[in-house]
Amino acid sequence: MKFERNTLLVLGLIALAFPLLVGNQYLLHIGIMVLLYAVLATSLNLIVGYVGEFSLGHTAFLGLGAYTAALLSLRLGLPAWATIPLAGVVSALFGVVIGAITLRLRGPYFVIITLAFAEVLRLIANNWVDFTNGPMGLSGVAQPALLADASPLMAKRFYFYLALGLTAVSLYLAYRFVYSNNGRAAVTVRENRFVAQSVGIRPFVYAMRAFVLGAFLAGLAGGFYAHYITFVGANVFGFAFMVSMIIMVLIGGKGTLIGPLLGALLVTLLTEYLRELQELRLSLFGLIVMAVVLFLPNGLMGFLNHRRERNPSDAADGAARAQGGPA
Amino acid sequence: MRKLILAPIMATAVMASAAAPAQDTVKIGLIQPLTGSVAYNGTADANGARLAVKERNAAGGVLGKQVELIIEDGQCSPANSVNAAEKLIQRDRVVALVGAFCSSATSAVMPVARKYKTPFLTGVSSEASLTEKGNPYFFRSAETDALLGKAFSRLIVDNLGLKKVAYIGVNDDWGRGSAKAFEQELSGHGVETAMIEYFNHGATDFYTLLTKLRGSGADGVFVAAETQDGSTLVKQIKQFGIDMDVFGVGSWATSDFIKITGDAAEGIYAAVPYVSNLPGERNERFVKDYSAAYDHAPGKYAAAGYNSLNIMMDAIDRAGGTDASAIVDGLHATDYEAPNGRYRFTRDGQGYGFDAALVQIRDGHTDVVATTRIADPRADGAKDGQ
Amino acid sequence: MDMLLQFVANGLVSGAFYALSALGLTLIFGLMRVVNFAHGELYMLGGVMGWLATTVLGLNFFAGLALTLAVMGACGWLVDRFLIERVRDQGEEPSILLTIGLSIFLTNTALLLVGTAPLTIEGPLPNKPVFLGPVVLTELRVFAVAACAVLILAAHLVIRHTRLGRAMRATFQDPMAARLAGINTARVYASTFALGTMLAASAGMLLGSIYSTHVSAGGLVSLKAFVVVILGGMGSFAGAIVGGLILGVAEALWGGYISTGTVDIIGFIIVILTLIFKPYGLFSTQVERA
């Protein structure tokens, strides 16, 4: 717990200083994307890592958040400080409904039903032309008013700190959740559902709380996405985002707070820097994903924790390490 | 632990500073979908663009320097295209951007181009509203759905003599826009509408759609689809025994389309802004060079890539430097002799003046039935924003 | 009425095709508990191999199919021995991530090698219309439906009535007991994956001859196959057939009477309803619930 908290603080300080040290806007843009994905991966990790169910429909909440923010901004002219939290709230409400249905299922059935929900929402967004503008998408989502006269560099810094704020909120909520009775109960359920039930934990209730919190955070990320990219189309519900998120969580190490952050950082940098390889880029990316599964089965955090356990000087910390276990 | 996290950031910073400008070339960025479901068309566009740059460099380049074309994969996704644009502008320091293909991706890149004051030209995206957003850095050397519909409706009515038409489009912005535009224009010429239906990109079985088509009582069917979907649809129209005039928009008048569709392609009409057997010496030269480079004749998207790069390079030459506002002025002054006519721009940055052709596929070849000119959209007193 | 008949006929034909393209998935998903996200890419590779065999090597359709099956079977075997083997018994997450990685690799490597153009495979029969009263089919479609039936039957016979099939069923019921009984379970797993791959590849080639194929065709196929498998219940061949037919007819009717633009939604709606009311598939007798 101490190790995890300290690392998070150090990471936070580095992130705070980053925009001041770096004037290159491309790097800032990548930094913003890393933070956006960090929020998404953290939110997905609540479900994959702490409920222990594998959701492939998490883009439902990213998409709902993005569309909520875009529609509120374009149709009602609400400012970003209102649309982004509302995006989280709308996603959380849908999270209640979808969670109530899907969390009754386990294993592969849960995988497929969550995917089905995301696909249904994608198809609705793509076809309900009067409301969502269909495949033409929603363009020109307003940026915050105070950026009207800002230089591109200042705007980038603003977005970076906004994304950093969202990441901090996500981590704080996730941290509070994980180290609360809720979180401990959720981990008990993940590790052994029957034992959990026998000591009076109702798995469904705890899974539901994690699911709704995850939906809320993904909705915030969606709201941020809408204002930053300024265009929202049905592809925010698409499988491509899902694949990125899931790879980040599992490569970083599910069931830890730092893992998804590491995953977001590594995967975003990897996909950008593999651009140098042009055509070979995605083939290589696929190979890397496979290699990670084979050689780092518990992700980077699993690997690091393993190393720390073998290294006696870190043993005190190691005892309090995050609970990343095999599935 | 900390070292592990810092390492990639350091590497990033180092790579970025190493890529700092050493401008002995003029860099132009091209964003196209090179992977994913539209990769086929994006690759054709990139091939055309490469040829244009190669030719220009052989003739001395622009501003006395060689042109360096940097191609990035945007996958037709808004977020990935923005990533590509940020990289091209900020890291590679390109002086101008071309591309993004899908209107959604182009729409997401437009604010980036504006923010960094980088001239941005699309040779493909057809969503009409793109040039109505008042973005001074944005230009389009392609027809909008409405312009194409307007140019062709008369020709179609005269040549095919249709009374009642069914409209089928791929379910995206382009397919919906095209079906709507043609429906509106043809209705204006007194043609009845039998039905309007959309199908999803990548669909393989159209029998349900064709059952509806057969029952609709239409004597002609309009199809907005690209090579993959279009060839499957046309084949199934013939299999289904439907005997209607088929005419469509999309990359239909290409050798690939005819090869894939086989006999079923016989007799269909295509309304295209470019076909490889357009008359004229300028086009002959283009087709010869393109075929020599890629072993097949160019289609609509290859020509779009070729033209958009040439227009951009002309504008940079005209600007006499790489200053953005000078390039924008250069683009406004465009009068480019393309394989398919002369391109000019309206004040909104909408291209016009080039030719489009109605072709029919006969004996495995494309026959140009008629050509028409994409008219200046201001000519009929329509919008003139900004 | 004529329209309805034609819609149902269309639905049954495309339903048979859905069933065929889902067979490989139901085998691997149902017996090995591997949620194979590379299924669509194996299907795509079958089409690409079929195109290489018939167009580039100039073989006829059936020789091409035999070659495709041999090559893809070997690929499936290797994938299992070198990849799936190493994450066996670790729950579903590693295998999902592994197959997602594999699908990204296969799609983009195929794109590098054969390019992005649509590929057509010369079918064994002409695509001439056949009229059955008011209903239109084509010879090739009738043939393909028959071929689906033959493949489904053959796979069923392999599993029910051969030594390998018995070993497979034993292994998946109780791997430990199967090992004790002298069954080489590693080989059984690999054979199952190879068989699933061959089914996916044969579907890819057969349907490639009716429609056309291209390197990014896999994603959509995977999605539809998941729908079929969930409807029919995992690991059940009969279920896959019924699931495929339900999906095919439902799509045809939705497309026919509502709109073709939204046709993909009906499959997912049926999946959600099925999982709410019959969580283990329409035909499953399993009653275990969390």
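Tutor: The account below takes helix 10 of chain B and then turns to the parts around it. The model is predicted.

Helix 10 of chain B runs over residues 281–294. The helix has 14 residues and reaches 20 Å from its first C-alpha to its last, close to the 20 Å expected at 1.5 Å a residue.

Within helix 10 of chain B, the residues B:Asn283, B:Phe286 and B:Tyr290 are buried. Because these residues cover an arc of only 60° around the axis, they are on the same side of helix 10 of chain B. An α-helix has 3.6 residues a turn, so residues three or four places apart point the same way. The other side of helix 10 of chain B carries the exposed residues B:Glu281, B:Arg285, B:Lys288 and B:Ala292. The cut-offs behind these words are 20 or more other C-beta atoms within 10 Å for a buried residue and 12 or fewer for an exposed one. Helix 2 and helix 11 of chain B are included in what covers the buried residues of helix 10. Just after helix 10 of chain B, the residue B:Asp295 takes a positive phi of about 65°.

The next step is the division of the chain. Chain B is divided into domain 1 (24–142 + 280–345) and domain 2 (146–272 + 357–373). The contact between them takes 14 residues from domain 1 of chain B and 15 residues from domain 2 of chain B. On the side of domain 1 of chain B that touches domain 2, at least two residues each come from helix 2 (39–58), helix 4 (103–115) and helix 11 (300–319). That side of domain 1 of chain B divides into 4 nonpolar, 8 polar and 2 charged residues. The C-alpha centres of domain 1 and domain 2 of chain B lie 28 Å apart.

Conventions:
Residues numbered from 1 in each chain as written. Chains lettered and ligands numbered in written order. Predicted model: local features only at pLDDT ≥ 70, side-chain atom pairs only at ≥ 80, totals over all residues. Domains from an automatic or database assignment. Contact = placed C-beta atoms within 7 Å. Helix = DSSP H or I, 4+ residues; strand = E, 2+ residues; numbered from the N terminus. Nonpolar A, V, L, I, M, F, W, Y, C, P; charged D, E, K, R; others polar. Expected span 1.5 Å × (residues − 1). Arc of directions from axis to C-beta.
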